[in-house]
Every structure is written in C-alpha cells, then in structure tokens.
Amino acid sequence: MPSEITLDLGADSKVYAYAVLTNKENVMCSKHTACQSNKIIAKPTAVSCCSPSLAASKMTAISSVADSCCSSDACSSSDPNEESERREAPLAQSASERQSWLISGMDCPSCAQKLEKAVLGVAGVQQAKVLFATEKLVVDFASTSLMAEIEQVAAKTGFPITLVGSSAAKATTAPQPQGWLGFVYANWHILAIAFSMAIAALLATVSEPLSNGLFVLTCLAGLYPVAKKAVRLARSGTPFAIETLMSVAAIGALYLGESVEAAMVLLLFLIGEKLEAYAASRARSGVQALMALVPENSIKIVDGQRVEVAASELMPGDVVEIAPGSRLPADGLLLTLTASFDESALTGESVPAEHTSGAKLMAGVVAVDKVVRIEVTSKQGENAIDRILHLIEEAESRKAPLERFLDKFSRWYTPLMMLVSLAVIVVPPMFFAQPWETWVYRGLALLLIACPCALVISTPAAITSGLAAAAKRGALIKGGAALEQLGKVEAVAFDKTGTLTQGKPQVTDVVSFLYDDETLLSLSAAVEVGSSHPLAVALINHTESLGYTIAEATDKMAQVGAGVSGFVDGKSVELVAPSRAQFPLSLQLEREIVRLEGQGKTVVIVRHDSEAIGLIAWQDTLRKDAAQSVVALGKLGVSAVMLTGDNPRSAQAIAEQIGIDYQASLLPADKVHYVEQFAASKTVAMVGDGINDAPAMKAASIGIAMGGGTDVALETADAALTHNRLVELPSMIELSRATMSIIRQNVALSLGLKGVFLVTSLLGITGLWVAVLADSGATALVTLNALRLLRFRSSNE
C-alpha cells in the first residue's frame with residue numbers, strides 16, 4: 001500500500017512526498033518512454049523498470065538492458081530526442097554494473113553538468129547521472145575496475161565522491177558548527193578577502209604602493225583556488241566554465257594595473273557563488289530532512305538480548321525495540337498488542353494513531369506511549385523513505401523542455417562570447433589604431449558580462465522551487481517536464497470511482513425475486529471472494545457483517561467491464577452489469593434498475609442457473625471537495641469531464657451534483673480511445689487511481705494519480721495528489737503557470753541585464769567590477785525571484 005510522508009522544511013512549512021511501496025515483480029514499466037511506446041499497447045504487467053534499490057549501497061549487476069530498462073541510457077536521459085535515437089539503436093547486450101556515490105562540494109546545478117561530463121569521459125562508463133537534490137552520482141559502467149578511476153576523475157574535477165553506505169560517506173555528514181561560528185567557518189575565505197581589501201583601502205591614504213601590493217596579494221591568494229578549479233575543469237572537458245572566465249578577467253585586470261578592480265571582481269564572484277549555494281541548500285533542505293527521519297542506530301533483539309546495531313544492518317525478519325520518542329528504522333509489523341504512534345511526519349495528522357498487533361508501520365514514525373517491538377519487513381534501501389528519495393531522484397532526471405533548451409544554448413553561447421570578447425580586444429587596436437589597454441579592459445568586462453550563470457540557473461531554480469512548493473501542498477510532481485506541461489492543461493478527465501468519489505462503496509440495496517436476502521448475498525459473495533475490486537470487497541464485508549455464510553464457488557471468472565461468474569454446487573452464478581446483459585430483462589427488473597440507477601447507485605443483476613434472482617446496488621460517496629475542484633478548474637478556463645464504466649443514469653446523477661460533463665459505460669480501452677481523441681486537439685490531464693486508469697493516464701498529455709491509488713497508476717502518472725485532495729489539482733495548474741511566468745521573468749531579466757551592460761561595457765561606461773556585480777546581481781535576482789514560489793498561494797485560498 002502507498003503511504004504519505006511529511007517533512008519539515010522550516011518552522012512553518014511541511015513538505016509532502018509520496019512513497020510508493022511497490023511490489024517489484026508486478027509494477028508496470030510504463031513511466032519511461034524508452035520502455036514503452038507512446039501508443040498504448042495492451043500487455044501483461046511487466047517487471048518494474050525502476051527499483052528503489054537505486055539508493056542502496058550494494059552494487060547491482062544488470063545482465064542486460066532487456067532485464068532492467070533502468071540500465072539503459074534511455075531511461076536516464078532527460079532529452080526525448082536522445083531517447084528516441086537510443087530506441088532506434090540496437091540494445092547493448094554486454095553486462096554492466098551500477099554504483100552510487102555521495103558528492104562533496106556540489107553547490108549549483110551547473111556543477112552537476114561538469115561532473116557528469118567528466119565521468120562520461122572515462123572509457124567504459126555507459127551512463128552517468130548527478131542527482132542534485134540528493135547529492136548523489138549514479139554511474140553505469142562495464143567493470144568494477146573502473147570505480148577507482150571514476151573516483152579519481154571526480155576528485156580532479158573538484159567534486160570528491162564517496163561510496164553510498166561507506167564509513168567515509170557517513171563521515172562526510174558530520175555536523176558543522178552552528179550560529180555565528182558556523183557562518184564564519186563557512187565563509188572564512190570571503191571574510192578574509194573582504195578584510196584584506198578593507199585594510200588595503202585604508203593603507204591607500206598612507207602608502208599607495210603598499211596598498212596596491214596588498215590588493216594584488218589579496219587577489220592572487222583568492223584567485224588561486226578559483227584558477228586551480230578552472231584548470232581541473234578544463235582537463236575534464238569543461239574549458240569554458242565560469243571559473244575560467246573569472247581567472248582570465250582577474251589576471252587581465254592585474255596586467256592592466258587595475259588591482260582594486262581585480263580584487264573586487266573576485267570578491268563579488270565568491271559572494272555570487274555563495275548565493276547559488278544558498279539557493280541549492282534551500283532546494284535540498286526537504287530531502288535532507290527526509291533522510292533524517294531514519295535513525296542511524298537501533299536496538300535489535302538477539303536471543304532475548306538487546307543489542308545496538310546500525311539501522312543499515314537490519315534485515316527482514318529482525319525484531320527491533322523502539323523506546324517512546326524514538327523513530328522506526330525500517331518498515332515493519334507491530335508485535336506489541338497495542339501502541340500509539342506519532343505519524344505527523346508521514347501523514348500530516350497531529351493526533352497520534354492507535355495500532356494493534358500485526359499493523360504495518362513505516363520507517364520514520366515515532367513511538368509515543370510505550371516501548372514497542374517491531375518485526376522488520378523492508379530490505380536495506382527499500383523502506384518507505386528510500387522509495388520517496390528514489391521518486392525525487394527520478395523526478396529530477398526529467399528536465400523541462402525549456403530547461404533542456406537553455407542547457408544546449410549555454411554550451412555554444414559561452415565559447416561564442418569568448419570569441420566576441422577576443423575580437424573586441426584585438427580588432428580595434430589592430431585595424432583602427434586604438435589603444436590596447438582600453439580595449440583589453442573592455443574585452444575583459446564583456447567577458448564577465450557574457451557569463452551565462454544567471455541564464456542557466458534561471459530555469460532550474462524556478463523548477464526546483466515549484467516542485468518544492470507543490471510537495472508542500474501534498475502534490476508530488478515528477479520533474480520539470482511534468483510541471484511545465486501542467487500549466488498548459490486545457491481539459492481534465494476524471495475517473496469516477498476512487499477519484500471523484502471516496503472509492504469506498506457500500507451495499508445499499510438488496511432486491512430479491514426468488515430467494516431470501518441471505519441466499520442471494522451468499523451466492524453473490526461466493527463468486528466475489530478473492531477479488532480486490534471495491535464493489536466485491538464491499539459485498540463480502542456486508543455479507544459477513546450480517547452473519548451470513550458465504551458459499552464455496554469454483555471456476556470463478558471476471559468479465560472485464562461486465563461482471564463476474566462462477567459455479568456454486570454445480571450451478572452457474574453470475575453478477576452482470578445491466579448495460580452488458582445479453583439476455584431479456586423483465587419489466588419488474590427494468591423498473592427496479594431504473595429506480596436504483598436514478599439515485600446514482602451502481603447496480604448488478606444476480607443470476608442463478610441462468611435465471612435472474614435479484615439485484616444488488618452500491619453507492620459511493622463523493623469527495624467533499626469534488627464540486628469545489630470542478631468550479632476552480634472552470635475559473636482557470638479548464639474544462640472537466642468524468643469518465644466511468646458505470647451506467648449512464650448513475651453517472652448522470654453523480655455528474656449533476658458537481659456540475660461536470662460525463663461519459664458512461666466505458667471499458668478501459670474506451671477511456672484510452674476517448675482520451676486520445678480529446679488529446680488530439682487539447683492538452684489533457686487524466687486523473688485516476690486504479691490499474692484500469694493507467695492506460696488512459698499514459699495516453700493523456702499528463703497523468704495524475706490519487707495518493708490512495710494502485711502502484712501501477714502511481715508509476716504511470718506524472719504527478720500524484722498524495723493527500724487525495726482534489727482541490728489541489730487546480731492549485732497545481734496555477735502553480736505550474738506561476739512557475740513558467742517566473743521562468744520567463746528570469747530569462748528576460750538575465751538577458752536584459754546582459755544586453756544593457758554589454759553595450760555600456762563596449763562604450764567604456766562600466767568597468768570590470770560593475771560587470772561582475774551585474775552578473776552576480778542577475779544570478780541573485782533570478783534566484784530570489786524563483787524562491788518566491790516557495791510562498792505560493794492559490795487563488796482558492
């Protein structure tokens with residue numbers, strides 16, 4: 001079953017993420033376009049293409065791409081064009097290994113690209129992906145002998161890596177000083193440069209040469225690590241990094257004798273880097289809080305003795321003891337008779353939940369009232385929280401189309417601007433007899449202005465903030481591509497049962513014609529035993545609650561969209577939907593069906609030995625916010641339609657209550673066909689919760705799953721409403737539109753500032769330090785503008 005996670009993002013906010021507790025042998029491989037065609041093909045459920053064991057420390061051998069689609073490049077690609085190219089290429093048959101490392105020094109999204117590029121340059125590496133939110137590097141490679149080389153390349157690039165789960169990795173998470181001491185510790189180099197510059201400025205009134213010398217020394221000392229990193233990046237395949245531009249500009253300023261400006265350029269650059277790091281930490285704070293929910297150690301019961309062990313060593317079947325106030329280190333079953341647990345970090349409910357022996361509990365919940373014992377059920381790296389982290393990692397790998405465009409744009413933009421700067425330096429002196437010093441200075445200023453940092457960070461900063469804001473509202477959106485697509489939605493198709501309704505139908509009417517109610521219910525429940533369909537479960541529970549004995553049925557068979565059949569004591573028993581009946585209906589039967597369906601109820605005809613013996617009716621309860629959600633969608637200019645396999649009269653009764661159009665008596669294939677027709681002219685979102693909704697969700701422009709839905713629906717969906725609040729759907733669309741608006745503002749702001757200062761730099765109006773201030777200022781502005789999304793409020797609130 002799925003479960004919800006809440007984590008603190010600060011004093012006043014919570015982030016909700018969704019953990020899909022998948023059965024790895026039965027989850028449809030339908031999320032990745034490399035694994036499934038865009039056209040829906042009816043196939044049996046396949047093996048999951050993404051196992052939560054991505055977060056595990058042990059190495060996973062992948063025998064071939066066919067065995068696990070996640071081993072292929074296509075699943076990890078964020079570019080649909082690249083994926084389509086890979087689908088056309090022959091599948092590699094060679095074995096590969098996958099390993100995960102934790103990364104140190106990862107301050108900005110552009111750092112991720114630099115490390116990926118360096119690791120991909122290692123011979124034998126098939127795929128490398130940096131997961132910025134979890135600070136993790138995941139690499140597919142041909143042989144374990146490459147591990148040492150990968151670690152060396154990462155270290156040379158400036159981003160040391162340590163194996164996930166290793167003692168070195170745990171050491172990297174050691175707590176840092178807090179308060180003013182922590183601030184000084186984290187920013188000592190910036191403070192040192194600023195202090196030295198202040199001393200040098202004061203010395204200018206006493207001794208100009210001494211002041212100038214101190215400025216030069218300050219600049220060189222501060223420039224050394226930046227230039228060293230630039231050389232590392234150049235060697236690893238990134239010659240046009242911002243560090244390179246800074247180094248060239250600072251050295252050029254020193255050559256021209258502008259030592260004050262050189263030092264100022266360096267100081268402003270380092271401050272800009274810190275601003276980017278701050279934005280990155282804000283984006284990652286939710287993930288870090290999530291990781292902190294699982295304790296490092298736990299008390300394990302071994303032969304009746306209490307032994308403290310690392311949580312990572314726990315295996316299924318182990319029994320652990322949890323003291324009041326402590327968190328569960330893994331998913332498990334409660335062995336204690338009764339106990340209360342604080343699940344607020346998981347469900348958002350502040351009132352402790354009461355559980356009895358045998359109840360399923362998730363990692364991260366807190367024991368409240370007593371010492372309890374839990375039998376561990378999850379493997380290492382596969383508890384509820386690990387699955388959330390996996391979903392976050394999966395979402396991060398799916399970039400928005402605009403983000404992919406800006407990434408490609410920046411790849412040729414930087415070298416082009418370096419050529420333009422070189423032309424500015426060389427052409428006027430050589431061809432127009434202009435002074436070299438003037439145009440070298442202007443060329444260096446142009447070089448700094450041309451830095452694409454603000455442009456590159458403008459989109460990922462907004463996307464990351466948008467995803468965090470959605471998660472805070474209980475909506476998990478799987479990546480920037482889905483977030484961008486949500487804003488374009490023009491129509492929403494809803495499944496009825498479990499989506500617009502609670503998904504918990506109750507038996508309301510039993511109409512018997514030949515037998516008494518007990519016999520009718522006993523026969524009907526007999527053919528439904530073993531089914532997980534909500535109607536079947538409700539029927540069985542109703543029969544048992546009345547104390548009736550359920551007969552034994554054989555040869556049970558489900559008729560998709562029509563009903564179910566079987567044999568009891570050698571005679572056939574059928575439950576058939578009236579619209580699918582292939583036999584004549586009596587006038588009395590028709591009147592009863594019309595009456596019940598007119599009340600919005602779902603009705604089946606019960607036949608025994610080919611004779612209709614009665615009717616059974618169920619009714620589901622509409623979600624309280626269903627009507628509010630439809631109204632809110634209408635205000636946004638988004639139309640809504642309900643797709644249901646229920647009968648037209650029942651569908652009409654439900655639709656009229658919430659003011660929505662409807663299509664009734666639809667089989668799963670009919671839903672797919674309807675959504676495909678709809679999507680041909682509009683951007684359509686499909687909202688569902690069941691296995692039968694998965695194909696339609698895949699056919700839609702974007703699929704949205706209800707949090708209480710099936711694993712298949714959640715795997716297929718591009719987003720999930722983890723708290724089952726339909727009113728958050730229009731809020732998600734508003735948030736997407738707000739995010740795209742912020743992105744457009746950021747792009748315009750970064751390009752606009754660059755355009756203005758490019759002109760002023762060429763005209764000699766602004767100098768080097770103004771150029772860096774403009775670049776760092778633009779980076780800070782787009783970052784702060786993006787962080788406004790964290791305070792997003794819907795118009796419905």
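Okay, hi everyone. Before we start, keep in mind that this is a predicted model.

Let's begin at the surface. There's a nonpolar patch here, made of Trp180, Leu181, Phe183, Val184, Trp188 and Leu191. Together these residues have about 700 Å² of accessible area. Where does the patch come from, in terms of helices? Helix H6, which covers 179-186, and helix H7, at 188-203, each give at least two residues to the patch. H6 has the largest share, with 4 residues. Is Trp180 buried or exposed? Its relative accessible area is 67%, and the cut-off for exposed is over 50%, so Trp180 counts as exposed.

Next up is helix H9, residues 242-255. How many residues of H9 are buried? The count is 10 of 14, so this helix is mostly covered, with buried meaning under 20% relative accessible area. Among the buried ones are Ile242, Leu245, Met246 and Ala253, but also Glu243, Thr244 and Ser247. After H9 comes Gly257, and its phi is positive, near 85°.

Now on to a sheet. Three strands make it up, an open sheet in the order S13-S12-S15, with antiparallel pairing. Which strands stand at the edges? Those are S13, at 353-356, and S15, at 366-367; each has a single partner strand, so one side of each has no neighbour in the sheet. In general, strands of a sheet pair through backbone hydrogen bonds, parallel or antiparallel. Zooming in on one pair, S12, residues 338-342, is joined to S13 by 4 bridges. To find that pair on screen, look for Thr338, which stands opposite Thr356 in S13.

Last stop: Arg649, in helix H22, which runs over residues 648-658. Its relative accessibility is 37%, and that makes Arg649 partly exposed, because the value falls between the 20% and 50% cut-offs. What does Arg649 touch, leaving aside neighbours within four places in sequence? Its contacts are Ile593, Val594, Glu597 and Gly598. Take Gly598: Arg649 is 51 residues away from it in sequence, yet their C-alpha atoms are 5.4 Å apart in space.

That's my tour, so over to you for questions.

Key. Residues numbered from 1 in each chain as written. Predicted model: local features only at pLDDT ≥ 70, side-chain atom pairs only at ≥ 80, totals over all residues. Heavy atoms only, no water. Patch = residues over 30% accessible without salt bridge, like charges linked within 9 Å, V, L, I, M, F, W, Y side chains within 5 Å. Areas by Shrake-Rupley, 256 points an atom, 1.4 Å probe, with all protein chains shown as cover. Salt bridge = Lys/Arg side-chain N within 4 Å of Asp/Glu carboxyl O. Buried < 20%, exposed > 50% of the residue type's maximum accessible area, 1.4 Å probe, protein only. Expected span 1.5 Å × (residues − 1). Contact = heavy atoms within 4.5 Å. Pairing = 2+ DSSP bridges.
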